[in-house]
Amino acid sequence: MDMQNKRLTKSRTDRKLCGVCGGLAEYLNLDPTIVRLIWVLLMFAAGTGFLAYIIAALIMPEE
């Protein structure tokens with residue numbers, strides 16, 4: 001994918017809940033499992049992961 005046309009969007013194909021982690025993994029060119037583990041770790045860190053996920057799910061556009 002061309003870096004100039006790269007956009008952060010929710011994934012339609014690699015999703016467990018809303019596609020936020022799958023979309024972020026595609027954008028950062030990382031394994032989606034690693035991104036999901038980071039989200040879970042952030043959830044246990046004072047709940048910031050949960051709040052960040054909800055906000056991202058609301059503002060990120062679909063693919």
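Predicted model: local features only at pLDDT ≥ 70, side-chain atom pairs only at ≥ 80, totals over all residues.
Residues are numbered from 1 along each chain as its sequence is written, and side-chain values use heavy atoms, with hydrogens and water left out.

Figure 1. Helices are DSSP runs of H or I with at least four residues, numbered from the N terminus. Arg36 counts as buried because its relative accessibility is 18%; buried means under 20% relative accessible area, exposed over 50% and partly exposed in between, with a 1.4 Å probe and protein chains only. Apart from residues up to four places away in sequence, Arg36 touches Asp14, Arg15, Lys16, Cys21 and Gly22. Contact means heavy atoms within 4.5 Å.

**Figure 2. Packing of helix H2 against helix H3.** Helix H2 spans residues 32–44 and helix H3 residues 48–59, and the two pack at an angle of about 125 degrees with their axes 5 Å apart. H2 and H3 are therefore oblique to each other. Axes are lines fitted to C-alpha atoms, for helices over the stretch in contact, and angles run from 0 to 180 degrees between N-to-C directions. Angles under 35 degrees count as roughly parallel, over 145 as roughly antiparallel, 65 to 115 as roughly perpendicular and the rest as oblique. From H2, the contact is made by Trp39, Leu42 and Met43; from H3, by Thr48, Gly49, Phe50, Ala52 and Tyr53. By class, this contact of H2 with H3 comprises six nonpolar, two polar and no charged residues. Ala, Val, Leu, Ile, Met, Phe, Trp, Tyr, Cys and Pro count as nonpolar, Asp, Glu, Lys and Arg as charged, and the others, Gly among them, as polar.

**Figure 3. The largest pocket.** The volume of the largest pocket is about 220 Å³. A pocket is an open set of points on a 1 Å grid over the protein atoms alone, where a 1.4 Å probe fits, with protein on both sides within 12 Å along at least five of seven lines; lining residues have an atom within 4 Å of a point. Grid points are joined across faces, edges and corners, and a volume is the space filled by probe spheres set on the points. Among the 16 lining residues, Leu17, Cys21, Trp39, Met43 and Tyr53 are the closest to the centre of the pocket. Helix H1 (20–28), H2 and H3 each supply at least two residues of the lining, and the largest share, four residues, comes from H2. The lining has 10 nonpolar, two polar and four charged residues.

**Figure 4. Helix H1 and the loop that contains Asn29.** The buried residues of H1 are Val20, Cys21, Gly22, Gly23 and Ala25, and what covers them includes H2 and H3. Asn29 is found in the loop between H1 and H2. Phi of Asn29 is near 60 degrees, a positive value in a residue other than glycine. Asn29 counts as exposed because its relative accessibility is 67%.

**Figure 5. Thr9 and Met60.** Thr9 is found in the segment before H1, and Met60 in the segment after H3. Thr9 counts as buried at 11% relative accessibility, and Met60 counts as buried at 11%. Beyond residues up to four places away in sequence, Thr9 touches Gly23, Leu24, Met60, Pro61, Glu62 and Glu63. Leaving aside neighbours within four places, Met60 is in contact with Leu8, Thr9, Lys10 and Val20. Met60 and Gly19 are 41 residues apart in sequence and 9.5 Å apart in space, C-alpha to C-alpha.
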